[in-house]
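Subject: Handing over the structure

Hi,

Here is the structure I promised to pass on, with my notes below it. Have a look at it first, then read on.

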Amino acid sequence: MANTEKRDFKFDKRADKYDDHFEGKLSKVFYKLIYDNIELSDSAQVLDVGCGTGTILKTLSERFNIVAHGIDVENEMLKVAKAKCSGMDIQLCSCEATPFADNSLDAVIACMAYHHFSDKQAFENEAARILKNGGKLYIADPNFPFVIRKIINFLVRNLNGEFFSSKEIASRFEKSGFKLLTIKKRAYGQLVVLEKL
C-alpha cells in the first residue's frame, strides 16, 4: 500500500538505537500506561499504529494470546520490529488507510504516535472503520500543561505535529463514534481509553 503520510520527524536514522537511547527510555512511561490498563481477550486482533521497533507488540504477545499487527511509515523502524517480532504481521502503512477489513480488530493502540499524525481526522475515521463494535482504542501521548502545550504547538506548527489534552483527544474521537472509558495519567504521560460504539 502506498505511503503518503507526512512525517514531522525522521525516525529511520535513529531506528537501530531507539530502544536503548533517550527516546526509548522516555517511552517507558507510555508503555507502562498501556501495559497496566489494556484488557485483551484470548486471540484478540490487536493493531499497534506507529509500532516503531515493535516493543509494545512483543511485550503484549508475551503477556496475552493475541494476533498481533503493527504498522509504521518508517522502513528502518520496521526492520527492527520485524526482527524483534518474528511471525507477527508488521507492515509499511499509513495510519490513514490501512489494509484491515471493516470491523475486524479488537484493539487499536497509538503510543507516542497520535501527535505525529498529519491528518488526525483521517486516523480517527480509520480507527472507527477497522475496530469491531465494542473494540477498544488506546491513545498514549504526552501530557503537557496547557501553557506548555500551546507553546510547543506554536513551535512545531510547521512540522505537522500537534499535542492535545486528554479531554481534547476524547472529544475528537467521540465525534467519530467512540465513547470515553477512562483517562490515566502518570508523570508526563497520559492514556485515553475509548470504546467504539
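A disulfide here is a pair of cysteine sulfur atoms within 2.5 Å. With that cut-off, a search of the whole structure comes up with 0 disulfides. Cys 93 has a relative accessible area of 2%, and Cys 95 one of 3%.

Before you go further: this is a predicted model, where local features need pLDDT of at least 70 and side-chain atom pairs count only at pLDDT 80 or more, while totals for chains, interfaces and linings use all residues. Residues are numbered from 1 along each chain as its sequence is written, and side-chain values use heavy atoms, with hydrogens and water left out.

**His 69**

Start with strand S2 (residues 66-72), where you will find His 69. Helices (H or I, at least four residues) and strands (E, at least two) are DSSP runs, numbered from the N terminus. Is His 69 buried or exposed? It is buried, with a relative accessible area of 10%. Its side chain makes a polar contact with the side chain of Asp 89, at 2.7 Å. A polar contact is a pair of N or O atoms within 3.5 Å; within protein, one must be able to donate a hydrogen and the other to accept it, and residues adjacent in sequence count only if both atoms are side-chain atoms. Leaving out residues up to four places away in sequence, His 69 touches (heavy atoms within 4.5 Å) several residues, among them Val 46, Leu 47, Leu 57, Phe 100 and Leu 105.

**Helix H4**

Helix H4 (residues 120-130) is mostly covered, with 8 of its 11 residues buried. Among the buried ones are Phe 123 and Ile 130, but also Lys 120, Glu 124 and Glu 126. What covers them? The cover includes strands S1 (44-49), S4 (105-111), S5 (131-142), S6 (178-186) and S7 (189-196), along with helix H6 (166-174).

**Salt bridges**

How many salt bridges does the structure hold? There are 9, each a side-chain nitrogen of Lys or Arg within 4 Å of a carboxyl oxygen of Asp or Glu. I picked out a few.

- Asp 36 pairs with Lys 32, the closest N and O atoms being 3.0 Å apart. Both lie in helix H1 (residues 22-37), 4 residues apart, or about one turn of the helix. Asp 36 is partly exposed at 41% relative accessibility, and Lys 32 is partly exposed at 40%.
- Lys 79 and Glu 76 meet at 3.0 Å, N to O. They are 3 residues apart in helix H3 (residues 75-84), so about one helical turn separates them. Lys 79 is exposed at 53%, whereas Glu 76 is partly exposed at 32%.
- Arg 149 bridges to Glu 168, with the closest N and O atoms 3.7 Å apart. Arg 149 lies in helix H5 (residues 146-155) and Glu 168 in helix H6, so the pair ties together parts that are 19 residues apart in sequence. Arg 149 is buried at 8%, while Glu 168 is partly exposed at 28%.

Salt bridges that share partners also join Lys 32, Asp 36 and Arg 186 into one network.

As background for the pairs within a helix: an α-helix has 3.6 residues a turn, so residues three or four places apart point the same way.

Ile 148 sits in helix H5 and is partly exposed, at 39% relative accessibility.

Ile 183 is in strand S6 and is partly exposed too, with a relative accessible area of 28%. Ile 183 and Ile 139 are 44 residues apart in sequence, and their C-alpha atoms are 9.7 Å apart in space. Not counting residues up to four places away in sequence, Ile 183 touches Ser 166 and Leu 191.

Key. Buried < 20%, exposed > 50% of the residue type's maximum accessible area, 1.4 Å probe, protein only.
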